[in-house]
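Hello,

Here is the structure I promised to pass on to you. Please open it beside this message, and my notes on what turned up in it follow below.

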Amino acid sequence: VQVIESGGGLVQAGGSLRLSCAASGRTSSTYTMGWFRQAPGREREIVAAITRSGATTYYQDSVKGRFTISSDNAKNTVTLQMNNLKTEDTAVYYCVVGPALAYYTKQYTYWGQGTQVTVSS
């Protein structure tokens, strides 16, 4: 399975960015896609995730109300719309694919290369 991210970049605080991710290859009929991030000197942490059906989503508390995750099952894609960005959102963002919605890095099987998001003050 290949996981390819796009989007990211530099934005001022209060601005918006959109991250997209496409999974290709032999994906299971049931899977979860999501996003982790890692800031310098910090551990990788989950940001948001969504089940294949779209019925269940998860957001880290710090992004609730600002970030929205959505998926397109027909295209095996997931999007993270990030609004009202804060400087503390600065990190490398990774798209992930796994067998079920989970919260820890080891529970996700496939990872993208990461895309940098930088929020300036």
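**What was found**

Glycine 41 counts as exposed, because its relative accessibility is 89%. For this and all that follows, buried means under 20% relative accessible area, exposed over 50%, and partly exposed in between, with a 1.4 Å probe and protein chains only.

Before going further, please note that this is a predicted model: local features need pLDDT of at least 70 and side-chain atom pairs count only at pLDDT 80 or more, while totals for chains, interfaces and linings use all residues. Residues are numbered from 1 along each chain as its sequence is written, and side-chain values use heavy atoms, with hydrogens and water left out.

Glycine 41 lies in the loop between strand 4 and strand 5. Strands here are DSSP runs (E, at least two residues), numbered from the N terminus. Those two strands form a hairpin with six residues between them, and glycine 41 in the turn has a positive phi of about 75 degrees. Glycine 41 and threonine 87 are 46 residues apart in sequence and 15 Å apart in space, C-alpha to C-alpha.

Six of its seven residues are buried, so strand 4 is largely enclosed by the rest of the structure. It pairs in the antiparallel sense with strand 5 (residues 45-51) over six bridges, where pairing requires that DSSP finds at least two bridges between the strands. In that pairing, phenylalanine 36 stands opposite isoleucine 46. Strand 4 also pairs with strand 9 (residues 91-98), again in the antiparallel sense, over seven bridges. There, methionine 33 stands opposite valine 97.

**The nonpolar cores**

The largest nonpolar core has 27 residues, and those with the most contacts inside it are Trp35, Leu80, Met82 and Tyr93. A nonpolar core is a set of buried Ala, Val, Leu, Ile, Met, Phe, Trp, Tyr and Cys residues joined through side-chain atoms within 4.5 Å. Several strands supply at least two residues each to this core, including strand 3 (17-24), strand 7 (67-72), strand 8 (77-82) and strand 11 (115-120). A second, separate core has six residues, among them Phe36, Ala49, Val96 and Ala102.

What does leucine 80 contact, leaving aside its neighbours within four places in sequence? Its partners include Leu17, Leu19, Trp35, Val47, Phe67, Ile69 and Tyr93, with contact meaning heavy atoms within 4.5 Å. Threonine 79, in strand 8, counts as buried because its relative accessibility is 13%. With neighbours within four places again left out, threonine 79 is in contact with Arg18, Leu19, Ser20, Trp35, Thr68, Ile69 and Ser70.

**Aromatic rings**

The count comes to four aromatic pairs. Rings of Phe, Tyr and Trp (its six-membered ring) pair if their centres lie within 6.5 Å; planes under 30 degrees apart count as stacked, over 60 as edge-to-face and the rest as tilted. Phenylalanine 36 and tryptophan 111 form a tilted pair, 5.1 Å centre to centre with 50 degrees between the planes. This pair links distant parts of the chain, with phenylalanine 36 in strand 4 and tryptophan 111 in strand 10 (residues 110-111), 75 residues apart. Phenylalanine 36 is buried, with a relative accessible area of 1%, whereas tryptophan 111 counts as partly exposed at 25%.

Tyrosine 94 and tryptophan 111 form an edge-to-face pair, 6.0 Å centre to centre with 70 degrees between the planes. Phe36, Tyr94, Tyr108 and Trp111 form one aromatic cluster.

**Salt bridges**

How many salt bridges does a search of the whole structure find? It finds four, a salt bridge being a side-chain nitrogen of Lys or Arg within 4 Å of a carboxyl oxygen of Asp or Glu. Arginine 37 and aspartate 89 meet in one of them (3.0 Å, N to O). Arginine 37 lies in strand 4 and aspartate 89 in the loop between strand 8 and strand 9, so the pair ties together parts that are 52 residues apart in sequence. Both arginine 37 and aspartate 89 are buried. Aspartate 89 also meets arginine 66 in a salt bridge (2.8 Å, N to O). Arg37, Glu45, Arg66 and Asp89 are linked in a network of salt bridges.

Best wishes

Notes
Helix = DSSP H or I, 4+ residues; strand = E, 2+ residues; numbered from the N terminus.
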